[in-house]
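Have the model open and follow along.

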Amino acid sequence: MGSSIENIVVDCADAYELGRWWSRVLNVPLSAEDQPGDPETLIELGDRNILFIQVPEPKTVKNRLHFCLRPDVPRDEEVQRLLGIGATLVDDRRRPDGTGWAVLADPEGNEFCVLRGAHDDPPRL
């Protein structure tokens, strides 16, 4: 017997607003029960969920756990879209040969990576 992960929890200052932002990133709606001001907000991803929980303390250090996104469009196009909706570029690890990734942060400073997209050309060898 083992355990399974039900929720991946993100501590945040405003659960509804950060959940709403990630809902746009993932193109998945918030739970129909969630309302502005709620201390918890849920994005259902099938067999696992992302749960945003309001906490009193601010984020102060680098995440020890983060999301790695594989976009359905070319990576650079997705990076530009995310920057346009409020992400910030933390570290650009993209390489001229098409490999690498971009490290971004959400509006509350939580880091995440954008990997090569499904439509990116394979790396040149």
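Two strands count as paired if DSSP finds at least two bridges between them. Keep in mind that this is a predicted model. With that in hand, look at the open sheet of three strands, ordered 1-3-2, where the pairing is mixed. Strand 1 (7-12) and strand 2 (40-44) are its edges; each has a single partner strand, so one side of each lacks a neighbour in the sheet. On average, neighbouring strands here are turned by 20° against each other, direction ignored. Helix 1 (residues 15-26) packs on this sheet and touches strand 1, strand 2 and strand 3, its direction making about 15° with that of strand 2.

Now zoom in on one pairing. Strand 1 and strand 3 (residues 49-54) run parallel and are joined by six bridges, and Ile8 stands opposite Ile50 in strand 3.

Next, move along to strand 6 (residues 102-105). Strand 5 (residues 88-92) runs antiparallel to strand 6, with four bridges between them, and Asp92 faces Ala102 across that pairing. Strand 7 (residues 111-114) also pairs with strand 6 in the antiparallel sense, over four bridges; there Ala102 stands opposite Val114. In a regular strand, side chains alternate between the two faces of the sheet. In strand 6, Ala102 and Leu104 point one way, Val103 and Ala105 the other, and all are buried. The hairpin of strand 6 and strand 7 has five residues between the strands, and Gly109 takes a positive phi near 90°.

Finally, find Arg75 in helix 2 (residues 75-84). Is Arg75 buried or exposed? Its relative accessibility is 5%, so Arg75 counts as buried. Among the residues that Arg75 touches are Trp101, Val114 and Asp120.

Key: Residues are numbered from 1 along each chain as its sequence is written. This is a predicted model: local features need pLDDT of at least 70, side-chain atom pairs count only at pLDDT 80 or more; totals for chains, interfaces and linings use all residues. Side-chain values use heavy atoms; hydrogens and water are left out. Helices (H or I, at least four residues) and strands (E, at least two) are DSSP runs, numbered from the N terminus. Buried means under 20% relative accessible area, exposed over 50%, partly exposed in between (1.4 Å probe, protein chains only). Contact means heavy atoms within 4.5 Å. Axes are lines fitted to C-alpha atoms, for helices over the stretch in contact, and angles run from 0 to 180 degrees between N-to-C directions. Lists of a residue's contacts leave out its neighbours within four places in sequence.
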